[in-house]
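Please open the model in your viewer and keep the selection tool at hand.

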Amino acid sequence: MSATGRRLTREEVAFRRSLGEQAAEAGYGLRSLVHAHLSAAREAWPHTVGSGVDTLAALQRMVDAFAEGYERAQRLAVRQEVAARREFVDDLLYGRSDLGRLAERAERFGLRLSHAHAVAVAQGPTAYEEGDPVPRQVERSLLARFGDRDILITTKEGRLLCIAPGHQDEVLAFFAKQAHAATDGGRVAVGRAQPGPGGVVHSYEEALNALGMAERLELDEPVLYAADLLVYPVLTRDRQAMADLVLNTLGPLTTARGGAEPLLQTLTVYFDAGCVAAEAARRLSLSVRAVTYRLERIHQLTGADPADPAHRYKLQTAVIGARLLDWPAREL
């Protein structure tokens, strides 16, 4: 080719691409392979017939075809790796597949499912997918800080996840900090450490439930720990009993002018403010007199006095139940 200046035939191009694919699959580095091509060309240079330009053109076409096959094989390998990772994550978080087989596959991704693991879930203003800038940024930060510590960063249903050994609290705390910043102030929930292959699923579900409760309860904390929110699942374990408590205790508020929502909000803020009317008024942007009037109105309608410790627990539990059950927006 260097002697005649002819172009590579289709068969020759396909052969060089095939060699590139084989080299990639065998694990050879592209840099060393290009170096080998150039070395062979340099050795043959004195013996070639024709101009140096023709020789370089022929070498360029051969290397281009070889590199194209190499890169195609690499892209295929990456897609296969991403697909395998996604399948594993889906099986892991949905509790599918044989647990023994799942544990074997987990080692490929740096997890030892015989140990306890905890899962942190970050939710931002947008959905995130594998390979997006935000997951990559968070993963780089964790690897730079902790190196290879059996940590898996992934995404699921638009959320960013970190799966880490249960005893490495510092990893999940650092992930929460990085994810909160990278997601522009998104919220992070951390499930409790749970043992065994099924423990990842349980911790993941706890983190998801914590995010859901935080939204319904309008919690302000950027980082939530499922262990600190255990009282809420207990309160809603018997949903019908909680619904009865809400309706029997707070149902009369629906007869007030403007409906139950303003009075329910007043109770919520009043309890969050430590039952201090002045602080509740400040948070509601109302006068203390207006808040006091609303509290008196609640007492008149429900028969329960928010300022009376004997009535407070019942009222506050009913208020929490209303927020968890999305009442009165949703009919019970």
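Predicted model: local features only at pLDDT ≥ 70, side-chain atom pairs only at ≥ 80, totals over all residues.

**The whole protein**

Display the complete model before going further. The protein has 13 helices and five strands. Of its 332 residues, 41% are buried. Among contacts with a separation of 6 or more, 68% are between residues 24 or more positions apart.

**Helix 9**

Return to helix 9 and select Met242, Ala243, Val246, Thr249 and Leu250, which are buried. Viewed down the axis of helix 9, the buried residues fall within an arc of 150°, so they line one face of the helix. Next, select Gln240 and Asn248: these exposed residues are on the face of helix 9 turned away from its buried side. To see what covers the buried residues of helix 9, display helix 8 (231-236), helix 10 (261-272), helix 12 (288-302) and helix 13 (309-324), which are included in that cover.

Select helix 6, which has 14 residues. At 1.5 Å a residue, helix 6 should span 20 Å, and its end C-alpha atoms are 20 Å apart, in agreement with that value. The buried residues of helix 6 are Val171, Leu172, Phe174, Phe175, Ala176, Gln178, Ala179 and Ala182. These buried residues pack against helix 5 and against strand 1 (117-123), strand 2 (152-156), strand 3 (159-165), strand 4 (187-190) and strand 5 (223-225). Just after helix 6, select Asp184, which takes a positive phi of about 60°.

**Helix 5 against helix 6**

Two packed helices are described by the angle between their axes and the distance between the axes. Show helix 5 (residues 133-146) together with helix 6 (residues 169-182): their axes come within 10 Å and cross at roughly 145°. The crossing of helix 5 and helix 6 is right-handed. On the side of helix 5, the contact is made by Val134, Gln137, Val138, Ser141, Leu142, Arg145 and Phe146. On the side of helix 6, Glu170, Val171, Phe174, Phe175, Gln178, Ala179 and Ala182 take part. The residues of this contact comprise nine nonpolar, three polar and two charged.

**Ser203**

Select Ser203 in helix 7 (residues 197-217). Is Ser203 buried or exposed? Ser203 is buried, because its relative accessible area is 0% and a buried residue has under 20%. Apart from neighbours within four places in sequence, Ser203 is in contact with His117, Ala118, Val119, Gly191, Arg192 and Gln194.

**Backbone details**

Most residues other than glycine have a negative phi, and most peptide bonds are trans. Select Cys275, in the loop between helix 10 and helix 11 (277-284). The phi of Cys275 is positive, near 65°.

Continue to the segment after helix 13, where Asp326 lies. Phi of Asp326 is also a positive value, near 60°. Asp326 is partly exposed, with a relative accessible area of 35%.

Where is the last stop, Pro328? Pro328 is in the segment after helix 13. A cis peptide bond joins Trp327 and Pro328, with omega about 10°.

How values were computed:
Residues numbered from 1 in each chain as written. Heavy atoms only, no water. Axes fitted to C-alpha atoms, helices over the stretch in contact; angles between N-to-C directions. Helix = DSSP H or I, 4+ residues; strand = E, 2+ residues; numbered from the N terminus. Left-handed = near helix turned anticlockwise from the far one by under 90°. Contact = heavy atoms within 4.5 Å. Nonpolar A, V, L, I, M, F, W, Y, C, P; charged D, E, K, R; others polar. Buried < 20%, exposed > 50% of the residue type's maximum accessible area, 1.4 Å probe, protein only. Arc of directions from axis to C-beta. Expected span 1.5 Å × (residues − 1).
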